[in-house]
Amino acid sequence: MRVTFDGSIITDASAEKRQDMAEVASGLMNAWEYRAKWYGEDEPTARRLAVDADADGG
């Protein structure tokens with residue numbers, strides 16, 4: 001675990017990521033929103049890759 005202080009509010013990124021994954025699983029967050037947030041993809045790319053992953057079963 002690495003702690004980096006940058007003057008912002010301290011957050012637990014792994015806990016936030018787990019929460020976002022749970023929200024995707026429950027339908028509260030779209031898979032493309034997750035991709036955009038965590039992989040830094042723009043919206044069109046994230047939407048396309050989320051659909052592609054869903055079509056491939058993953």
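# Briefing: salt bridges and overall fold

R47 is partly exposed, at a relative accessible area of 38%. Its salt-bridge partner is E43, with N and O 2.8 Å apart. The model discussed here is predicted. Four salt bridges are counted in it. The protein chain has three helices and zero strands.

**Overall fold**

- The pattern along the sequence is α-α-α.
- The protein chain has a radius of gyration of 13 Å, well over the 10 Å from the globule rule for 58 residues, so it is more spread out than a compact globule.
- Along the principal axes, the C-alpha atoms fill a box of roughly 40 × 25 × 20 Å.

**Surface and charge**

- Of the 58 residues, 14% count as buried.
- The accessible surface of the protein chain is about 4800 Å². Carbon and sulfur atoms account for 53% of that surface.
- The protein chain carries 7 positive and 12 negative side chains. The centres of these two sets lie 4 Å apart.
- As a general point, side chains of opposite charge can pair when their charged atoms come close.

**Salt bridge E16–K37**

- E16 and K37 form a salt bridge, with their closest N and O atoms 2.7 Å apart.
- E16 sits in helix 1 (residues 13-26) and K37 in helix 2 (residues 31-39), so this pair ties together parts that are 21 residues apart in sequence.
- E16 is partly exposed, with a relative accessible area of 31%.
- K37 also falls in the partly exposed class, at 42% relative accessibility.
- Neighbours within four places in sequence aside, E16 is in contact with T11, K37 and W38.

**Salt bridge R47–E43**

- The side chains of R47 and E43 meet at 2.8 Å, N to O.
- Both residues are in helix 3 (residues 43-55), four residues apart, and are separated by about one helical turn.
- E43 is partly exposed, with a relative accessible area of 39%.

**Network around K37**

- Elsewhere, salt bridges that share partners join E16, D20 and K37 into one network.
- D20 is found in helix 1, and E16 has its place in helix 1 as well.
- D20 is buried, with a relative accessible area of 5%. That value is under the 20% cut-off, so D20 counts as buried.
- E16, in contrast, is partly exposed at 31%.
- Leaving aside neighbours within four places in sequence, D20 is in contact with M29, Y34, K37 and W38.

**Salt bridge E41–R35**

- E41 forms a salt bridge with R35. Their closest N and O atoms are 2.7 Å apart.
- E41 counts as buried, at 17% relative accessibility. The cut-off for buried is under 20%, so E41 falls inside that class.

How values were computed:
Residues numbered from 1 in each chain as written. Predicted model: local features only at pLDDT ≥ 70, side-chain atom pairs only at ≥ 80, totals over all residues. Heavy atoms only, no water. Helix = DSSP H or I, 4+ residues; strand = E, 2+ residues; numbered from the N terminus. Buried < 20%, exposed > 50% of the residue type's maximum accessible area, 1.4 Å probe, protein only. Rg over C-alpha atoms; globule rule 2.2 N^0.38 Å. Areas by Shrake-Rupley, 256 points an atom, 1.4 Å probe, with all protein chains shown as cover. Lys, Arg positive; Asp, Glu negative; His and termini not counted. Charge placed at Lys NZ, Arg CZ, Asp CG, Glu CD. Contact = heavy atoms within 4.5 Å.
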